[in-house]
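Colleague: I'm new to this one, could you walk me through it?
Modeller: Gladly, here it is.

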Amino acid sequence: MAVIVRAGAAPMVWLGVLAAAVGLAPEGLTGRRIGLYGGAVLFLVAAAVVAVGRTGRYRELERTATRAARSDILQDRAVTVRNRRRDHRWWLLAAFAAAVGLSFAVPAAGGMLLAGAGTGLWLKARALGRREIAAEKLLWVRTDWVEGGRPAGARVKGYRTTGPAAGDAAPGGARRR
């Protein structure tokens with residue numbers, strides 16, 4: 001389940017860093033210094049908001065998690081990451097274009113906002129991983145319940161659990177080594 005959260009983090013961070021770098025080229029309406037300070041504030045606020053957003057729903061679903069049945073299909077980590085990134089590629093490109101466009105008004109701020117949102121997703125996945133390690137079980141969501149890549153969406157009725165050695169993902173959604 002944390003794989004879904006973590007899958008969007010890397011593209012958002014890298015596209016945000018690229019947009020911030022491109023955004024430093026124009027002087028903008030506010031100037032580079034104000035753009036960088038504003039971008040730093042936006043980075044921190046976005047990371048905090050995304051990291052703590054919907055944590056109540058995640059915890060509620062964790063409390064009601066049931067053991068995975070033999071009939072439950074656990075999707076491979078690589079397939080989950082590929083599907084998540086494919087489903088959201090146009091949103092990422094639109095966010096990148098908006099961040100670059102915003103840089104003509106406030107240099108680097110849009111890119112830093114995008115990178116902050118990606119960092120928040122990564123922090124959320126890390127927190128989920130710490131809770132999985134503490135409980136000594138991995139959390140999974142059925143693939144037919146995930147709509148649009150939302151692991152805590154309205155269609156998700158509950159999580160499934162397995163032992164920490166199941167599957168190919170480590171706690172927090174990282175690749176198992």
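Colleague: What should I know before reading anything off it?
Modeller: This is a predicted model, in which local features need pLDDT of at least 70 and side-chain atom pairs count only at pLDDT 80 or more, while totals for chains, interfaces and linings use all residues. Residues are numbered from 1 along each chain as its sequence is written, and side-chain values use heavy atoms, with hydrogens and water left out.

Colleague: OK, at what angle do α2 and α6 pack?
Modeller: Helix α2 (residues 9-23) and helix α6 (residues 89-102) pack at about 25°, with their axes 9 Å apart; helices here are DSSP runs of H or I with at least four residues, and strands are runs of E with at least two, numbered from the N terminus. Axes are lines fitted to C-alpha atoms, for helices over the stretch in contact, and angles run from 0 to 180 degrees between N-to-C directions. The two helices are therefore roughly parallel to each other, a term for angles under 35 degrees.

Colleague: And which residues make that contact?
Modeller: From α2 they are Pro11, Met12, Leu15, Leu18, Ala19 and Val22, and from α6 they are Leu92, Phe96, Ala99 and Val100, where contact means heavy atoms within 4.5 Å. By class, these are 10 nonpolar, no polar and no charged residues, with Ala, Val, Leu, Ile, Met, Phe, Trp, Tyr, Cys and Pro counted as nonpolar, Asp, Glu, Lys and Arg as charged, and the others, Gly among them, as polar.

Colleague: What about α4 and α7, how far apart are their axes?
Modeller: The axes of α4 (residues 55-63) and α7 (residues 109-135) come within 12 Å and cross at roughly 25°, which makes α4 roughly parallel to α7. Tyr58, Arg59 and Glu62 of α4 meet Lys124, Leu128 and Arg131 of α7, and this contact has two nonpolar, no polar and four charged residues.

Colleague: What comes just after α7?
Modeller: Glu136 does, and this residue takes a positive phi of about 55°.

Colleague: Switching to the sheet, in what order do the strands run?
Modeller: Three strands form an open sheet in the order β1-β3-β2, with mixed pairing, and two strands pair if DSSP finds at least two bridges between them. The edge strands, each pairing on one side only, are β1 (66-67) and β2 (138-140).

Colleague: Are β2 and β3 parallel or antiparallel?
Modeller: β2 and β3 (residues 160-162) pair in the antiparallel sense over three bridges, and Leu138 stands opposite Thr162 in β3.

Technical notes: Angles under 35 degrees count as roughly parallel, over 145 as roughly antiparallel, 65 to 115 as roughly perpendicular and the rest as oblique.
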